[in-house]
Amino acid sequence: MAGVAAMTVGGGMPPMAGPAPELFGPGVISTRDYEMDGALAPDGKTFYFTKRTIWPYFSVICVSQLTAGAWSEPEIVPFSGRFPDATPAITPDGRTLYFASRRPTDTTTRLRHNYDLWAVDRTPEGWSAPRHLPGPINSDGNELSPSVTRSGVLYYVTDQGVMRSEPVGSTWTQPHPVAGRVDSVGYEVGVGVSPDERIMVVAVIGREDALTTAEGIYPRSDLYVRERQAGTWSALRHLPAPVNSAAEEGSPSITADGRRLIFTSERGGFTEHGGRPRSTDEFESTMHQPGNGLGDIYSVDIRAIGVRP
């Protein structure tokens, strides 16, 4: 990833105009297809992400390797490809990868109606067989978008918003919601937490401060930030352009070194309708490259969201 010029942001101040997000792996990872849920391994050389179809949204987890400065052609990871899998998240030590899946929890091949959280552990032979996280993490509802801190605290999203649970031996404490009453507006659909549990970026749908198109026809998710002090998370703070756009932004994750935010965006040439007419060649060219309105993965210096690494 290309470097980003330094910028100074005061503690607790809203983000200032700064470096624009960069397309991640253009033409290889971010393509004309729908990519989302980027997670960079701690070594900075292995990248996990989701590729999905349009409705009915079958999705697989892919991996790409950085070799001699170039990302390799993505491949589906060995534990994915059969059932809908999404939102991979690698732990800061690189030993465990968490993800969401609708795969069955028994020996049948029947899809679950909701997503549960699963994990695979790194072994000398590669990734282990997926293991279903025990209660109280998984429930009868949806569990998605895991994010694990350096101390092993698990954050994830449910139908009730972002949840937090601490590890206790081989199980977890009873999860509790992060949002306070001030953040009761909106529907939280994705979360990424820094390894030191100091910064949280959340994708939220349904807040009035979200950026939209001039036509007002695109009520999708925007990215927001919370900061943790003395064990308490602050209220959501909206991130302005150029991190957010009039299109959808989601799937936030923070790299293991705490220096970069990775997220998904549907920004591109077709976000706004109208304007000048497009030629056949221009339309076909835009349709078959990143920025065509399907999901692409972006990366930006963490300082661009108004926090220090």
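Guide: Here is a tour of the pocket, the cavities and a few nearby topics.

First, the ground rules: this is a predicted model, where local features need pLDDT of at least 70, side-chain atom pairs count only at pLDDT 80 or more, and totals for chains, interfaces and linings use all residues. Residues are numbered from 1 along each chain as its sequence is written, and side-chain values use heavy atoms, with hydrogens and water left out.

As for pLDDT (the predictor's confidence in each residue, from 0 to 100), the protein averages 90, and 93% of the residues score at least 70. Residues 1–17 are another story, with pLDDT below 50. That stretch still has 40 contacts in the model beyond near neighbours in sequence, a contact being heavy atoms within 4.5 Å. Where pLDDT is low, the predicted coordinates should not be read in detail.

Now the pocket. On a 1 Å grid over the protein atoms alone, a pocket is an open set of points with protein on both sides within 12 Å along at least five of seven lines, while a cavity is a set where a 1.4 Å probe fits but cannot get out; lining residues have an atom within 4 Å of a point. Grid points are joined across faces, edges and corners, and a volume is the space filled by probe spheres set on the points. The largest pocket comes to about 840 Å³. It is lined by 34 residues, and M36, R52, L144, V189 and E248 are the closest to its centre. Strand 18 gives the most to this lining, 4 residues (strands are DSSP runs of E, at least two residues, numbered from the N terminus). By class, the pocket lining splits into 13 nonpolar, 12 polar and 9 charged; here Ala, Val, Leu, Ile, Met, Phe, Trp, Tyr, Cys and Pro count as nonpolar, Asp, Glu, Lys and Arg as charged, and the others, Gly among them, as polar.

The largest cavity holds about 280 Å³. Its lining has 25 residues, with A39, A89, S147, S253 and I254 the closest to the centre. At least two lining residues come from each of strand 2 (34–40), strand 7 (85–90), strand 12 (143–148), strand 18 (187–193) and strand 23 (249–254). The lining of the largest cavity has 15 nonpolar residues, 9 polar and 1 charged.

Y57 is in the loop between strand 3 and strand 4, and P56 is found in the loop between strand 3 (46–52) and strand 4 (59–67). W55 and P56 are joined by a cis peptide bond with omega about 15 degrees. Another cis bond runs from G135 to P136, with omega near 15 degrees.
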